[in-house]
Each structure stands twice: as C-alpha cells, then as structure tokens.
Amino acid sequence: MRLIIVHYHFRPGGVRRVIELGTPWVAAAVGADEILLAGGEPPETAWLEHFQAHLGKRRVRTAACAAAGYWAEIRKNPAAAARDVERFCASWAPDAARGESVVWAHNQGLGRNLLLTQALAQTCAAHQFPLFLHHHDWWFDNRWQRWPEMRASGFRTLEQVARVIFPLLPLARHLAINHADAAVLQKHFPGQSGWLPNLSEPDDWPTEREARQARQWLRRQLGDGGPVWLMPCRLLRRKNLAEALLLQRWLRPEAWLATTGALSSADERSYARRLAAAAQRHGWRLRLSLLQGPERGKPSVPALLAASEAMVLTSLQEGFGLPFLEAAQAGKPLLARALPNIAPDLARFGLIFPQYYDEIWVPPTLFDAPAEARRQQQLYRQWKALMPAPCRAMTPPPPLLAHGGAPAATPFSRLTLTAQLEVLSHPPEESWAACVGLNPFLRIWRELAQAGQLRPCTWPRSAARWLSGAAYQRHFTQSLRQPAPAPAAPAQAVAAQLDFMRAKLASENLYPLLWSTAW
C-alpha cells in the first residue's frame, strides 16, 4: 500500500509540521509501506532526511511538478498547466494496483491551484484511490485575492469552484481541523466528513543538548543573549506581527521578538518589507524569518521554542493554531489572541491559557484617525471589488466604519499596517500610559513578564483523547472503513461553500490587514 501526500509545497509552516507529525500515524492507519510526497517543488534535503527518520523502514519517494504549485507562481496558460498536472497525477498510478494507494491532500480548499485539485479527483476516481481532503484553510476566509487567480486559471463561476473543492466522489473524505468547520461539512456531506484536530507528539520534543545548541545559535543570530519571545510562523499578514511587537515592547522590552519562517508568497512581500524597515528605523528588537534559507545546520522549531522564554500568537485567523499545543506541551508561557473558531476546541481539550485575550484596545490619539478612516474606506471598496458579486451583497461594513468612522478607541487588530506602525512609533512608555486603562489585564502581565513569571498552560492528561498520535490514527482508520455513501448532489457542494462564505464574512471576521497586500 502507498500513501500519497499532496501539498503545493513542503516549505516550513504549520501544514508541513502536521505532515511531519501525522504521517507515521496515517501510514499505520492505511497500512502503507511506501510514502510519496508530491507537490510543486521537491522538499529540501535536510527536512526530507528528518521526515524519513521518523518513518522507520517505510520507503519515502518524492515527485515534483511546477504546475502543481501555487497558480500565482506558474508561468503557463491554463491549458498547458492542466496538461502538465494531469500527467503528473497520472504518473503515480501505473505502478500501483487498482485501489492500492491512498491520497492525503492538504489545503485544496485554499484554492491556490484548482487545476491540481481537479486532476487529483479525476485520478482518484479512475483508480479507486480513497482521497482524504484535509482542510486547514479556505479561499473564502479573507483570501479574496484568490478569486481573480481562479478565474484566470479557467474557473469562472462560484459553482465551478465549489464542485472542484468538494468533488462528488464516493471515496472522497473531508477532514476539518476545527469543530466549527467540521459542523458545516457534516451538514452537507454526512458520512464523508469529520473533525480531525491537529496532533502533538511528546516524543518529538528536543533534548536538553539540542535546546542548549539552539540558545547558542540564537545568541549568534541576535548579537546578544537577551530573552527571546518566539512566533513560530511564516511571514503572513494574518499573523498580525505588529501586535506581538506592541506587547513585547510594553511587557518585556529587553526581549527579542523573533519569527521563524520566510515569506509565504509574493503577496506578503510589501507587508514584510514595511515591517522590517520600520523595525530597523526605530531600533525595535524584532528579527524576522530566523529560519529562512537552507535548513541544514539550523535548529528545529521545537528546539527554538525550548530555547525561548515565551511564545506569542497574535493571529487574526487560524484554522487550528498548532502553537497553542506546542506551547502547552513545552510548558512555555503563551501570549495569544482567543480566536472564536478554535477557542471552544481548546477548552474541550482542557487547555487553559493564562495569557489569553480578545483584543488590545488603543485610543485614536496614537494614530491619525481621520486618515485611517479614509484609508479603510478606500481599501474596503477595493477589497469588495475583488469578490464575486454574490459575496459583496452579504458583506457588512467593518467595525471601524460601521458608525461613520468617528474617532474612538479601536482594537489594534482592526487597524491597517500604516496605523499600527504609527502606534508603535510612540515611545513604549507613552503608548503604555495611553492604553493600559483600556486593557487593565496588562498590568498584571507586565509585572509577571518583568519578573520572568508569565504562566504556562498545564497539559491535561485528557487531551490525549483527541490530540495523541494514536487518536489521529484511529480517526483515519474509522474514516477509511466507513462505507462509501451515495454520491453527493452537485447542489450540496455549492450550498456548503455558500454556508462557509456567510460565516466567514461576518463583521467580526473583517480585518483591514487582510484586504490588501500593499497597506
């Protein structure tokens, strides 16, 4: 039996980490003695060696085709790219007997390459391969820049997109990483969908020697031995890095704020460049993309976490938020935004985070409020213009504009990067004095941080029921053994996508940082 793992790429990030941790258990569930990693580019050698080391005697092969990567990075017309990706998927089949492969495909709901998703479904249908579509993120969740790309690749209507993302195959299974998304899938695809939270494996934790080497490496990279607050993430606007920097400057100014991964895509280049330039201009203790470039000779993310004082997770949106588990497992303090779609799942696992918050409020005196209102009006119009017409009609005004844009205290997360940088440009004691009354919980956090006593989350024994490798394997085994239901009707795919869109376009999910790649 062969397990075929499909992803656009195997660059550092949360999805690759889930693949690392989950593959031994998924391979055991399907009885695979061979793993094929298939994507738009080959994995880096150092990571591939690490991946192989966790799979024992199972053979690992790789297959790459540029047409299977992000559509935005493909330099071919749709017809030529479709031919390439169909040949690529078909190339997996000849040496596998009918039905003797299982495909585990990641993030096809992100819509970064619908030609790949379509070819995957056709190959699986032709060879009777079970197809697990593992949904970490969605294209309709504040990623409307994907819509013009999808149209350019030949998918002109919402109906066409829905039928590709939710293929009408009896052997297709949809896996959602949070309960909120799983509920929508189960409503429309009963018997073909389920909730599969990410896993955390204590055996994968670094040794004391590896943690010590990571501390030494950090000292060389940062130029001093100051404490490190780590954000294990790629450079993405939705990570809301400026908010993490605001907290670090207020609570632990002698610490470094460091991120791990490189740019996720060209869409994020302007955001990263402006943030880095501001940090350099003002002398902020911020280091972006510590692990950028070849991975050999660098510490792993778990080793960096073990070497750090605390973790920070200020994301505006996450499908799951693996750092929640990693911080709890490591016994490290975590400062994190409570995200409404995953907070109930974390509570169900028994995870309680002492430094957990909803918003950081800032007064309009710390940024140019009239200019920010004008900027948001312009960006909001441009952002809505990117959407398919039916989605524009269901989009409410964002919080800052809902009441005419009158100056008032505002969540930092609801500002553009321009306004966020204006807030950060104030001396930290000045902005602290202006904001602490709006965020009184920060007084205690500051005392704890300065004493090195921020509190970690205790890992509950009951969490293994959902988050262990054995639980992961059990979910896959059960899903694989489920009898194939009658094929879903085409209307179900369209209805599922529409339900998701209504939820993702609610006012509380609108963030100016995500409207444009340039501000």
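Modeller: The charged end of arginine 287 lies over the ring of tryptophan 256, 5.5 Å from the ring centre; the criterion is NZ of Lys or CZ of Arg within 6 Å of the centre and within 35 degrees of the ring normal. Arginine 112 has its charged end over the ring of tyrosine 70, 3.7 Å from its centre. This is a predicted model, in which local features need pLDDT of at least 70 and side-chain atom pairs count only at pLDDT 80 or more, while totals for chains, interfaces and linings use all residues. Residues are numbered from 1 along each chain as its sequence is written, and side-chain values use heavy atoms, without hydrogens and water.

The whole structure holds 28 aromatic pairs (rings of Phe, Tyr and Trp, the last by its six-membered ring, with centres within 6.5 Å; planes under 30 degrees apart are stacked, over 60 edge-to-face, the rest tilted). Tryptophan 138 and phenylalanine 166 form a tilted pair, because their centres are 5.9 Å apart and their planes meet at 40°. Tryptophan 138 is in the loop between strand 5 (131-135) and helix 5 (146-152), and phenylalanine 166 in the loop between helix 6 (158-165) and strand 6 (172-176), so the pair ties together parts 28 residues apart in sequence (helices, H or I, of at least four residues and strands, E, of at least two are DSSP runs numbered from the N terminus). Both tryptophan 138 and phenylalanine 166 are buried (under 20% relative accessible area; over 50% is exposed, in between partly exposed; 1.4 Å probe, protein chains only).

Tyrosine 380 and tryptophan 515 are also a tilted pair, with 5.6 Å between centres and 50° between planes. Tyrosine 380 lies in helix 14 (residues 369-386) and tryptophan 515 in the segment after helix 21 (490-504), so this pair ties together parts 135 residues apart in sequence. Tyrosine 380 counts as buried at 11% relative accessibility, as does tryptophan 515 at 2%.
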